[in-house]
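Please keep the sequence and the structure in view while reading.

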Amino acid sequence: MTTIDALADRWRAARPPVAGLHMDSAACSRQSLAVIEACARHARHESEIGGYIAAEAATPVLDAGRLAFAALCGMPDAEVVLTTGSLNALDLLLGAWPADRRTVACLPGEYGPNLAMLAAHGFSRQLLPTLEDGRVALDDAALALDQEPPDFVHLTAVASHSGVVQPLPMVAQLCRELGLPLVVDAAQALGQVDCEVGADVTYASSRKWIAGPRGVGGLAARPDLLERLRPRLAAPEWAPPVSVAQQLEFGEANVAARVGFSLALGEHLAFGPRAVRARLAELGSVSRTTLADVAGWAVVEEVDEPSAITTLAPVDGADPQAVRDWLLAERRILTTFVGVQRAPLQLAAPLLRISPHVDTTADDLEAFAEALIAATAATGT
């Protein structure tokens, strides 16, 4: 048995049997039995001794999760704020950003809800130059950032509508050279590609490649940047002193989900982030090779893109939404319909996306290819 086969078997054995074929990890991966039990155990503990006492008892677990999250972001000295997910993390950050420093540089393929959040907080947008595939054009971007420096650079390391991996380490180095804060949206990247670049802020969700519960995520920020923030829900003068990170985390929380997130991060570290990334990149290559000749669809990414995400563009009038629905209803195959709202400044037409995790096999991908042919024929006009 190869190392990759052993990894796939361990990952599969740690989870309930899947009801069908799960090709949707970029939306929501499958939690392990241990994560599910950890969430349930904390909920029972809340019932037994009270929610706030149970939360205090869970502090070591949550602190371990914070350390793991910071380590995976390459930010060992960062403070970590637990959030309800990636968009909540961005909302907290933007809402606390200095009011007189609200210009941001981002890519044309920026996630639609992120664009809406930036606009809601009054940020003006500078679009960075890109190559044909949507990857940042580093030399041109360096010139643009030097000539017109924004208050920070926001980089979505892997987009919601594409499996193209941005050159995160080189962007981080560029921002350091220019003295510009770098904020990384790692929602689709953490657990799939290497995010240990030491950005100024990195945020991500639990439910995607880390395979934790929904409704939880994290935001890691350098202490010096945090001190420049002014949280909307600031501690009153009469309250005991609390840090900026603690102020950002004010409010009710699903502590059981946070416990599950912490455990999922620990599981990811135990599986070996490098091995997981290598397996996911391999699956992406196999997926694109398998799907290259399916009539009516064009694979968007290059075969060797180091990502497990594969997007398919219809070329003969196929309807990605109808195909997605048919695959689920008729074959119990879970995929993603990618609407143009995911990248409104770049995406011209809807796509179909698959995102297998490490337990997916070559036979599974062949089965998906056959089902896609049937779905295309069944839903065609």
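## A buried ring and its partner

In this predicted model, Phe152 is buried, with a relative accessible area of 0%. Trp97 is buried as well, and its relative accessible area is 6%; both values fall under the 20% that marks a residue as buried.

Together with Phe123, the residues Trp97 and Phe152 make up one aromatic cluster.

## The aromatic pairs

When ring centres within 6.5 Å are taken as a pair, the count comes to three aromatic pairs. In one of them, the ring centres of Phe69 and Phe261 are 6.2 Å apart and the ring planes stand at 70°, so this pair is edge-to-face. Because Phe69 belongs to helix H4 (residues 59–72) and Phe261 to helix H11 (residues 255–271), the pair ties together parts that lie 192 residues apart in sequence. Phe69 and Phe261 are both buried.

For Trp97 and Phe152, the ring centres are 4.6 Å apart and the planes are at 50°, and the pair is therefore tilted. Trp97 is found in the loop between helix H5 (86–96) and strand E3 (103–106), while Phe152 is in strand E5 (residues 152–156), so that this pair ties together parts 55 residues apart in sequence.

## A charge over a ring

A further arrangement involves a charged side chain and a ring: the charged end of Arg15 sits over the ring of Trp11, at 3.4 Å from the centre of that ring.

Key
Residues are numbered from 1 along each chain as its sequence is written. This is a predicted model: local features need pLDDT of at least 70, side-chain atom pairs count only at pLDDT 80 or more; totals for chains, interfaces and linings use all residues. Side-chain values use heavy atoms; hydrogens and water are left out. Rings of Phe, Tyr and Trp (its six-membered ring) pair if their centres lie within 6.5 Å; planes under 30 degrees apart count as stacked, over 60 as edge-to-face and the rest as tilted. Helices (H or I, at least four residues) and strands (E, at least two) are DSSP runs, numbered from the N terminus. Buried means under 20% relative accessible area, exposed over 50%, partly exposed in between (1.4 Å probe, protein chains only). A charge sits over a ring if NZ of Lys or CZ of Arg is within 6 Å of the ring centre and within 35 degrees of the ring normal.
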